[in-house]
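Please examine the following structure together with its sequence.

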Amino acid sequence: MTAVTGPSPGNRVELHCHLDASVRPGTVADLAGVQGVPLDAPVEHLVTAPSDCGGLPRFLTYLDLPLRVLQTPDALRRAARELVEDWHADGVTYGEARFAPQLHGRFGMTQDEAVRAVAEGLAEGRDTTGVGTGLLLCCLRHQTPEESLSVAETALRNRDQVAGLDLAGDERCPGVPHRAAFDLAHAAGLPCTVHAGEAAGPRSIWEALDVLGARRIGHGVRCTTDQALLARLRSEDVTLEMCPTSNVRTAAVPHLRAHPADRLLAAGLRVTISTDARTTCDTTVEREFAAMRAEFGWTADEETRCQANATRAAFDSPPPPR
Ligand SMILES: [Zn+2]
């Protein structure tokens, strides 16, 4: 289908964006140089997954180098500030960045120090661009319940900086063991989102809703085969944080034409569009909507509805539309 001219950029809300997957390649190279980390290929080849990367396990290997160089407060602060600058250039007026602070302690940085560094970087970017920001912390499915509990406790200790809790990681691992972390967040009024229905099937989405109390679902592309689940998602206005390019690269969908965002939006579900991983997927929010315009004939109407859904589901306070 021929691309249709879309809305002019601006007033975009990005709900699903991993900081470590969105570091500028040039910044990764800079940090590697300063830290004495050797690069055995052009940095773009090391941090951007090819379109045929074949699935989530290989996709995640492209995060190894960014994670390796994001082990100091200065590096995290810079990455966060630059992400806000990149949002600004992308027409995003409110963005939520998420990261797993427990992965940044290789040189002794504590979770609190990591959270403070990212929060400071986001604030610096906010001050220079006017882009609103929110910060989410990620528990990881393949880690222990105790590790997830420590992330939730970090979030609550830094409640003035943290807008929400997430569960990410290997979807072959169930979410149930992480319930205590999410119960703690709920008791403190901290809203939660859960990656589910990306690599795993509809059961992982039921679990995210019923066991972990998620108000939003990260990806959720595999909900379409379960009519009862679709009815539940619709009746409870659960937000789907969909990321088309990422969903193709991780093989959650075989190709863009098969992506369910178009038919789910038409069916009245709360679809939103994000990048997931600006660098790993070499994308922007503009490119995600451009892809939907080209593939599904989306116009300003669909983008406006997705942005309204995202604004409504934000965990912090997006600025009012201009
Ligand atoms: Zn994600």
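Which residues does Leu165 touch, not counting residues up to four places away in sequence? In this predicted model, Leu165 touches Leu136, Leu137, Cys139, Ala152, Ala155, Phe182, Ala185, Leu190 and Cys192. Leu165 also belongs to the largest nonpolar core, a set of 92 residues, where it is listed with Ala80, Ala97 and Val118 among those having the most contacts inside the core. Helix H5, residues 73–89, gives the most to this core, contributing seven residues. In soluble globular proteins, nonpolar side chains tend to be buried together.

The sheet can be followed strand by strand. Eight strands form an open sheet with parallel pairing, in the order E1-E2-E3-E4-E5-E6-E7-E8. Its edge strands, E1 and E8 (270–273), each pair on one side only. On average, neighbouring strands are turned by 25° against each other, direction ignored.

Strand E2, residues 92–99, is largely enclosed by the rest of the structure, because eight of its eight residues are buried. Five bridges join E2 to the parallel strand E1 (residues 12–18), and Glu14 stands opposite Gly95 in E2. Six bridges connect E2 with strand E3 (residues 132–140), again running parallel; here Glu96 stands opposite Gly134 in E3. Together with helix H6 (residues 111–129), E2 and E3 make a right-handed β-α-β unit.

Strand E7 (residues 239–242) is joined to E8 by four bridges, and these two strands run parallel. The bridge partner of Thr239 in E8 is Arg270. Helix H14 (residues 300–313) packs on the sheet, touching E1, E6 (216–219), E7 and E8, and its direction makes about 100° with that of E8.

Note on methods. Residues are numbered from 1 along each chain as its sequence is written. This is a predicted model: local features need pLDDT of at least 70, side-chain atom pairs count only at pLDDT 80 or more; totals for chains, interfaces and linings use all residues. A nonpolar core is a set of buried Ala, Val, Leu, Ile, Met, Phe, Trp, Tyr and Cys residues joined through C-beta atoms within 7 Å. A residue is buried if 20 or more other C-beta atoms lie within 10 Å of its own, exposed if 12 or fewer, and partly exposed in between; C-beta atoms are placed from the backbone. Two residues are in contact if their C-beta atoms, placed from the backbone, lie within 7 Å. Two strands pair if DSSP finds at least two bridges between them. A crossover is right-handed if, with the strands pointing away from the viewer, the path from the first strand over the helix to the second runs clockwise. Axes are lines fitted to C-alpha atoms, for helices over the stretch in contact, and angles run from 0 to 180 degrees between N-to-C directions.
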